[in-house]
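Open the model in your viewer and keep the sequence panel at hand. The stops below are given as selections, each followed by what is there.

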Amino acid sequence: MAPPVEGGDAALLPEFPRGPLDAYRARASFSWKELALFTEGEDMLRFKKTIFSALENDPLFARSAGADLSLEKYRELNFLRCKRIFEYDFLSVEDMFKSPLKVPALIQCLGMYDSSLAVKYLLHSLVFGSAVYSSGSERHLTYIQKIFSMEIFGCFALTELSHGSNTKAIRTTAHYDPATKEFIIHSPDFEAAKFWVGNMGKTATHAVVFAKLHVPGDQCHGLHPFIVQIRDPKTLLPMPGVMVGDMGKKLGQNGLDNGFAMFHKVRVPRQSLLNRMGDVTPEGTYVSPFKDVRQRFGVSLGGLSSGRVSILSLAVVNLKLAVAIALRFSATRRQFGPTEEEEIAVLEYPMQQCRLLPYLAAAYALDHFSKSLFLDLVEFQRGLASGDRSARQAELGREIHALASASKPLASWTAQQGIQECREACGGHGYLAMNRLGVLRDDNDPNCTYEGDNNVLLQQTSNYLLGLLAHRVQDGACFRSPLKSVDFLDAYPSILDQKFEVSSVADCLDSAVALAAYKWLVCYLLRETYRKLNQEKRSGSSDFEARNNCQVSHGRPLALAFLELTVVQRFHEHVHQPCVPPSLRAVLGRLSALYALWSLSRHAALLYRGGYFSGEQAGEVLESAVLALSSQLKGDAVALADVIAPPDFVLDSPIGRADGELYKNLWGAVLQESKVLERASWWPEFSVNKPVIGSLKSKL
């Protein structure tokens, strides 16, 4: 077990090394340490510090400059590192229940070090582990202990070669044989091979396999999850009847072994069925506590919400790292100036501010949202585990599904766009692989696809909202949900009568202005999407055709606007709560307002089309407010980056180091990469720079 970090604030939040960033740190309007304590809490900061210290002091996690590992070596090393994380026992099962936010905190810490490590750990412990825990019963609890001791290593096998998003078309079968009391897992052809399964390529010994359950008489009861052993834990050789392999090199996350598997009449015990949603008696009779097949199917895929919420957290990590690197670079990189003799930091330019600071605000807002949504998911999973089948529990599940389905697209796309902006904002230096922005971009890319294609997922959210409006129109039902994310819609007729009436930039510098506009926007898009859907049906389109025809210009922006509103609402409430220290209220208020107004500005055309905006002034005020808030935050930017940046060893970017010695750090890293540092004496000028080179050697 890793020893916890002891000592007071000085040990927990040590001062940064003196250097070129001092000037910006001195300009901050708040204490970065106070914000870190408010945002995380002392216990969480100690937890993260313990993890980072353990990684930095363990040779297994040593960074090797210029070492391009082969695919085989990288995946082997990543598995050994994952195994070491479990040996450290940073987070016991008991801790997970006592302090659930430590779960995403651990994933974020690992993701800051290496996305491949975080995803490997996540897939085994949370996705595979949660599927066993939430979909299984007491007879499966023995697996939980084996998961955390790594006696077995798991994966989640849903997607097939020919079907991913359309889970109802999955073709792997599980026929029950009452004579032997076994299920026969079978892939009917190669198109039914399980595909893209993380951990399956090289290391998984067990899989939660989704297959269509058949009982005698060939009656099919739809998709159900089964625990299937795919490899021998001692030899890692495939089990009889299982063909399993690695898919090869990907665009990113190459420490993660994505794989495929086919099953040829593989027999597993009846108890292998994860039976919380449905079971089969020894005689072959199917039984289920859920009478509604759709409800049973939804609960059986509940593990996907866990995965999507985790991806939200990982996307936020990638955005945090990119923004921290780019802001520290921008505060030390000097180009041009009012005179030829004076150059200014590129962060002083409004263009650089409006490129980077909205993404800094997005990192804070989405980070808070990811934590709050994770706690909502914990509440739902505890209800499942306790056998809660109340109407509220069912509605909570639907609401979380809608929020998770839209949060993954919003976060992964925001990170994707933000990382690219950060890369470009760092100029040519940002293109150098050692500065990590390219790796972050590639490692974030799969977040847009796995656990559900982003555009397909958004339809889940728009369908949820359309269903609520249909109930309102047909039955007069109120808009109510357990998490209150849709409660504002109860007043949607009166909200649609509102107009944007802010006439000055000063009156716009509050997230409350954006909240009012977002509520109008969601109401407007919901009404227009509902009208378009009914119009399509009246013209003869099937429900399938009608929904697809509505999605591009109606359902998709509806889902995104709804989720953005939810993020803005939660962050607004968070930064305006009474417990916020007075010294932090101004900077947090600006972050909240900037994220809200910047996000809203991308919907300006819809706001004009629907009549909420009119005349040039509305758009100009919104645009000017974003620029004003970015300018107001430039003095706080480095301190805000310090709060979210991990230690230099973890950040692993010469241009983003905390000392701000941009050129010394980059020059030293390039010399070490090119293997000429030890030959520096060949160049006479280096004789006067030996102290610098010596310090670079000690750093690197």
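Leaving aside neighbours within four places in sequence, which residues is R436 in contact with? They are R63, G111, M112, Y113, D114, L321, V650, L651 and D652, where contact means heavy atoms within 4.5 Å.

Before going on, note that this is a predicted model, in which local features need pLDDT of at least 70, side-chain atom pairs count only at pLDDT 80 or more, and totals for chains, interfaces and linings use all residues. Residues are numbered from 1 along each chain as its sequence is written, and side-chain values use heavy atoms, with hydrogens and water left out.

Stay on R436, in the loop between α14 (427-430) and α15 (437-444). Helices here are DSSP runs of H or I with at least four residues, strands are runs of E with at least two, and both are numbered from the N terminus. R436 is buried but has no salt bridge. Buried means under 20% relative accessible area, exposed over 50%, and partly exposed in between (1.4 Å probe, protein chains only). A salt bridge requires a side-chain nitrogen of Lys or Arg within 4 Å of a carboxyl oxygen of Asp or Glu. The nearest side chain of opposite charge is that of D652, 5.3 Å away; Lys and Arg count as positive, Asp and Glu as negative, and His and the chain ends are not counted. Draw a distance from the R436 side chain to the backbone oxygen of V650 to find 2.9 Å.

Next, select R25 in helix α2 (residues 22-27). Is R25 buried or exposed? R25 counts as buried because its relative accessible area is 17%. Its side chain makes a polar contact with the side chain of D642 at 2.8 Å. Such a contact is a pair of N or O atoms within 3.5 Å; within protein, one must be able to donate a hydrogen and the other to accept it, and residues adjacent in sequence count only if both atoms are side-chain atoms. Not counting residues up to four places away in sequence, R25 touches F16, P17, R328, V638, D642 and A658.

Move to helix α26 (residues 662-674), whose 13 residues reach 18 Å from first C-alpha to last. That is close to the expected 18 Å, taken as 1.5 Å times one less than the number of residues. Colour L662, N665, L666, G668, A669 and L671, which are buried. K675 follows α26, with a positive phi near 65°.

Finish at Q577, in the loop between α20 (543-575) and α21 (582-601). Q577 is partly exposed, at 26% relative accessible area.
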